[in-house]
Every structure is written in C-alpha cells, then in structure tokens.
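Biologist: I am new to this structure, and I would like to learn how to read it step by step. Could you take me through it?

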Amino acid sequence: MEKYTYKQEINITPELMERINELASHYPEDKRKSALLPVLHEVQDAHDNWLSQDLQIRVAEILNIQPIEVFEVVTFYTMFNQKPIGKYMFEFCRTSCCMIRGAEDMMDYTCQKLGIKEGETTVDGMFTVVGVECLGACGYAPMMQLGDFYKEHLTKDKIDEIITDCRAGKITLHDK
Amino acid sequence: MGTKILLDKINIPGIKTYEVYRANGGYASVEKALKTLTPDEVTEEVKTSGLRGRGGAGFPMGLKWSFIDKKSGKPRHLVCNADESEPGTFKDRYLMEYIPHLLIEGMITSSYALGANLSYIYIRGEYMWVYKILERAIKEAYAAGWLGKNILGTDFSLDLHVHCGAGAYICGEETALIESLEGKRGNPRIKPPFPAVSGLWTNPTVVNNVESISAVPWIVMNSGEEYAKIGVGRSTGTKLISASGHIKNPGVYEIELGLSVEEFMNSDEYLGGMMNDRPLKALVPGGSSVPILPANLIYKTAAGEDRLMTYESLSDGGFATGSMLGSGGFIVYNDTTCIVRNTWNFSRFYHHESCGQCTPCREGTGWLEKVLHRIEHGHGRMEDIDLLWDIQSKIEGNTICPLGDAASWPVAAAIRHFREEFEYHIRFPERIKNRDHFVNEPFEKVRNLV
C-alpha cells in the first residue's frame with residue numbers, strides 16, 4: 001500500500017478520548033474492534049475531516065487492534081478521507097432522483113462559482129466539491145451533504161447563500 | 001384517509017421528545033408485552049399479522065424471528081437495519097428523524113420476543129444528524145427505565161446502542177451489515193449459516209428494517225389479527241412509500257397496501273399527479289434495483305387489471321410486465337427523462353457500491369457502466385445492446401449477495417421496455433450531445449425515428 005506523505009498533527013484530547021471510551025463501551029469488552037467505524041468518525045471530525053496513516057495507526061493502538069485492520073476499513077468506506085480536503089466539503093448527490101431534478105446543474109454552478117472542477121479543492125483550502133452516490137434525500141432533491149447535515153431543495157440562490165455563510169463562519173459542520 | 005400505524009402521531013408537536021411521546025401512549029407496548037405476554041406470544045402476534053420485511057425483500061417477519069437459535073445458549077441480538085441507501089428510498093430516515101422513540105419502543109418489544117439482551121441500530125453514516133437524534137432518544141429511554149437492567153421490574157434486561165456506518169450501500173445487506181458492525185469491511189457472508197444461527201460475533205442474530213420494527217408496537221397493542229385485516233391478501237398492513245422524481249408532491253406517505261397505483265399517483269392526498277402536467281414516461285416502484293415500468297404498464301397489469309400497491313400486483317406477470325414493491329422507493333419519470341442516461345446513472349451507482357468480493361459483480365457492474373456510458377455519450381455500437389443484455393444475465397444469480405441482481409435488473413428492464421431509445425442513441429449520436437437531450441425530443445418521437 002502506498003504511504004501517503006501528507007502530514008497531520010495528531011491531537012487526541014481528553015474529551016475525544018472520553019468519547020472514544022464511551023463508544024467502545026457499547027460493545028462487549030472483547031469486541032472493541034466493533035467500535036472502529038464510530039471511533040473513526042469522531043477522530044476524523046476532530047482532525048480537519050481526514051485520517052492520515054499515522055492517525056490510523058494511533059486509532060489502532062487505542063482500540064488495541066492491528067493497523068491493517070484500520071487501513072482496510074478506511075479504504076473501503078467512502079466517508080473516510082485519506083488526504084486533506086477543504087474545510088467545507090460540498091457532497092452533491094448525483095444519483096437518479098437528484099439527477100433528474102437538476103443536481104448536475106447545481107454542481108456545475110457551484111464549481112463555476114468556486115473556480116474548481118468536481119473533485120477539486122479551492123486554493124485557499126476552504127471548499128471541496130464532489131459528486132457522491134445516493135444520500136437518501138430523493139424527495140428533497142437536488143441536495144448536498146455538508147458536514148453532519150443535509151442541504152436540500154437546492155437552487156442557485158441557496159448555493160450562493162451557503163457559500164456566503166461558509167465564508168462568514170456561520171455554518172455548523174458537526175452535531176456534537 | 002387510510003389507516004395510519006407508523007405516522008399517526010408524527011404531527012404532534014414535540015413528539016420527538018420522550019415526554020411527549022410517552023404522554024401520547026408511547027412505550028405502552030413494552031408494558032403490555034413484558035407484563036402480560038410471553039416472548040413466544042409476541043412472536044405469534046407478529047406471525048399472525050402477516051407483516052413482511054419492509055426493507056425490500058418482503059420476507060415474513062414473524063417467520064424470520066422463529067428461526068432464531070434459542071438452544072445454542074449463546075447471547076442473541078436484534079440488529080435494526082437503518083442503512084437506508086437504495087436510490088429512491090428515504091422513508092426510514094423520516095421515521096427516525098421525527099419519531100425516534102417509536103423505533104426504540106419497537107426495538108425493546110422485539111428484543112424481548114427474541115430473548116436479545118444487547119441490540120443495535122445500524123444507521124448509515126451519512127445520516128449523522130439522525131444518529132445523534134437516536135443517541136439522545138436512547139439516553140432518554142435509559143433515564144426513564146425502558147432500557148437497562150430489569151426493565152419494569154421484570155427479568156428482562158436490554159442494552160440498546162446506535163452504531164453508524166461510513167458510506168457503503170452494501171452494508172444494507174444483512175450479512176455485510178453484521179461484518180461492518182464487527183468493525184470490518186462490509187463484505188457479505190455466504191449463507192448458510194444464516195444470521196439467525198450465526199450472526200453478530202457468531203451469535204444468533206435477527207436483522208430487521210426500521211419500518212418493520214416500528215410496526216411491532218401497534219401489532220402488540222392491537223393484535224396481529226387486526227393488522228392482518230388491513231391490506232389485501234398476503235400484502236397486509238400499511239407501507240411507507242417514499243416518492244420522488246417528476247411529481248407534484250414528493251415525500252413520504254403511509255398507505256394501506258392495496259391502494260391503486262393510479263390513485264396514489266394522481267390524488268391530491270398523495271402525489272398530486274405529474275409535475276408541470278407533463279406526460280408520465282416510466283416508474284420505478286420499489287427503489288433503483290427493481291425493474292422500471294413503462295407508462296402503459298403502470299396503472300394496469302398486462303392482463304388489464306388495476307395495478308395495486310401490493311407485493312403481488314406490482315410483480316404481476318414477472319419481470320416481463322411487472323416489477324416489485326421492494327423498499328417502496330417510488331421514482332416517477334416524465335417524458336423528458338432519458339432512459340439510457342438514467343440506466344447509466346444506476347449502473348454507475350452499483351459499480352461504485354459493489355464490494356468487489358464476487359467477480360461477476362466486481363467486473364460486470366463496471367462493464368455495464370462503461371458500455372452504457374459510451375452509448376449515452378454518442379459512441380455506442382448496435383451490438384452493445386445485446387452485449388449489455390449478455391453481461392447483465394451473467395451477473396444475475398451469480399453473486400454471494402443480491403447486489404448483483406440489483407445491478408442487473410434495471411439494465412434488463414430498460415432494454416426490455418425502451419430498446420428503441422438505446423437504438424436512437426446509437427443511430428443519432430449528433431442529437432444527444434448534451435445531458436438534456438430529451439427535453440426537446442419526447443420518447444414518442446424517438447420511437448418513431450428508429
């Protein structure tokens with residue numbers, strides 16, 4: 001496996017450790033590996049929304065499992081980011097129901113406005129735009145995921161507003 | 001207005017909170033079950049109800065419960081499948097988001113029936129705000145004594161936790177879900193052994209969908225017999241339908257099974273008809289994996305009978321003229337929809353979501369996507385249509401889990417019912433240069449051209 005060279009400052013705070021322990025307590029003592037996915041979400045949220053290999057190794061130590069067990073999970077699930085991304089990641093659902101209600105146009109508009117292509121991050125590191133598969137908001141299309149929340153019934157005006165709010169620091173990303 | 005079982009309290013202000021939910025009769029089924037019924041009697045009520053799994057497969061829920069191995073001496077588990085990821089389906093989210101205690105009540109009563117003392121709700125990672133809602137609701141239920149040791153002073157104890165996935169459609173398949181819950185990649189397991197014998201951590205496990213479990217409190221309170229009176233034939237009870245696409249009123253609806261498709265589509269109580277009154281072209285009635293139906297087979301079966309919202313009527317005639325109720329993900333397409341583009345879109349989804357474990361699925365879904373991409377983008381060859389048919393037929397039935405079937409059926413149905421449209425793409429590539437190529441070229445015109 002290729003070693004990613006991106007550097008990341010690892011900071012497992014006492015609050016984060018407490019949350020990890022709480023999550024691990026949801027499973028039998030000898031089944032702590034089961035807490036891996038929820039723990040990775042928490043750790044990722046606390047580390048600018050991505051997981052370096054060093055951070056994955058740290059998670060393995062905490063849960064007392066092998067690093068490979070963490071790597072194979074991180075590379076399988078799409079919600080774990082293996083390289084730095086923008087502070088605000090706009091994940092547009094592009095599957096059928098959203099597509100027929102204009103998702104592609106919304107994504108094009110956003111990319112154009114931010115001066116990037118799909119999959120790219122703005123040079124200031126503020127925004128990333130990606131197309132993703134079904135997010136289960138088909139009746140409220142077109143939509144995007146932003147952090148822990150969904151932004152639905154998108155229009156160009158709504159996208160303008162979201163970008164403005166992001167720049168003004170008015171958007172809450174995680175429901176803690 | 002039909003009977004409401006799941007959504008009857010949804011509009012009560014504050015129903016999301018424990019206090020309001022309890023004040024409106026919440027948790028009464030736990031009281032009734034634990035104090036007056038044995039676990040087997042609860043299972044019997046569910047069997048009598050005829051409730052079929054609402055995740056898509058439609059397997060009788062009480063029968064599934066009866067398979068759980070009670071003799072092994074191992075701990076038993078109930079796992080709620082809240083990994084709702086089928087394109088077109090967004091009903092479980094609605095229940096969990098707006099009335100989370102209903103699911104928790106159902107989990108307690110169902111766990112009691114199964115003799116499970118440790119249960120989980122596995123929710124897709126993208127529904128993170130719903131995960132938090134459930135987490136808070138579970139804390140409230142613990143604080144009120146509905147979870148934990150010796151509930152209501154009985155011998156029954158239950159720990160319930162919510163667990164989040166991380167973006168993998170395959171984890172909606174019950175054995176992949178179990179793998180994921182064990183902290184691994186979501187690779188489906190070969191069955192047998194079935195989870196009822198060897199599931200979570202090799203313990204006997206039942207995996208049920210959110211909507212199915214949420215119906216249990218009503219069944220316990222009103223009896224399985226009363227539940228079975230709703231609906232038609234073997235399609236008993238109510239069903240949540242999540243409707244999207246080119247309709248006036250998209251959203252989540254609770255219907256009595258047996259309602260006609262035409263009434264569901266056109267009455268103001270439900271979908272209100274087609275958006276902008278454009279002609280109806282096609283329908284996917286049960287989520288992206290089920291076969292698409294052309295307009296002439298939507299309101300009537302091939303035999304000319306009214307098509308009903310039931311497991312049987314929607315599948316009438318098999319896949320040649322029917323489809324499936326599936327998860328109830330009801331996607332409506334008007335005449336501007338390009339079926340080739342839509343099929344390519346679905347194939348991209350299944351290719352992306354294949355776990356890669358089985359060769360026919362791993363290779364075949366990518367192949368389907370590539371061929372459909374080139375047809376949609378004006379580079380198709382006439383033999384590609386038969387090639388697509390051949391590929392999909394070699395995936396179907398040849399994989400460990402049903403994802404292979406789910407990837408095959410939409411392609412087969414699209415070719416079966418809309419072959420002219422594929423031919424049009426291949427014969428007139430200059431007319432399909434942009435993504436909106438059918439907005440000005442309705443299907444009837446396409447059909448006449450080829």
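Predicted model: local features only at pLDDT ≥ 70, side-chain atom pairs only at ≥ 80, totals over all residues.

Biologist: How many residues of chain B are in contact with chain A, and how much area do the two chains bury between them?

Modeller: On the side of chain B, 62 residues are in contact with 47 residues of chain A, and together the chains bury about 4400 Å², 55% of it on carbon and sulfur atoms. Of the area that chain B buries against chain A, B:Ala166, B:Arg185 and B:Arg435 supply 14%, more than any other three residues.

Biologist: How many salt bridges does the rule find across this interface?

Modeller: The rule finds ten, and in one salt bridge the side chain of B:Arg435 meets that of A:Glu104, at 3.5 Å from N to O. Polar contacts are counted separately, and between chain B and chain A they join 31 residue pairs, with both residues at pLDDT 80 or more. Among the elements that each supply at least two residues to the side of chain B that touches chain A are α7 (128–143), β7 (238–245) and α13 (339–353), and α13(B) gives the most, with eight residues. That side of chain B divides into 28 nonpolar, 19 polar and 15 charged residues.

Biologist: How many disulfides are there over all chains?

Modeller: A disulfide is a covalent bond between the sulfur atoms of two cysteines. Here the count comes to zero. The sulfur of A:Cys93 has its closest cysteine sulfur in A:Cys98, and because they are 3.7 Å apart, they are too far for a bond. Likewise, A:Cys134 has its closest cysteine sulfur in A:Cys138, at 4.0 Å, which is too far for a bond.

Definitions and conventions
Residues numbered from 1 in each chain as written. Chains lettered and ligands numbered in written order. Heavy atoms only, no water. Contact = heavy atoms within 4.5 Å. Buried area = accessible area lost by both parts, 1.4 Å probe. Salt bridge = Lys/Arg side-chain N within 4 Å of Asp/Glu carboxyl O. Polar contact = N/O pair within 3.5 Å; in protein donor to acceptor, adjacent residues only side chain to side chain. Helix = DSSP H or I, 4+ residues; strand = E, 2+ residues; numbered from the N terminus. Nonpolar A, V, L, I, M, F, W, Y, C, P; charged D, E, K, R; others polar. Disulfide = S-S within 2.5 Å.
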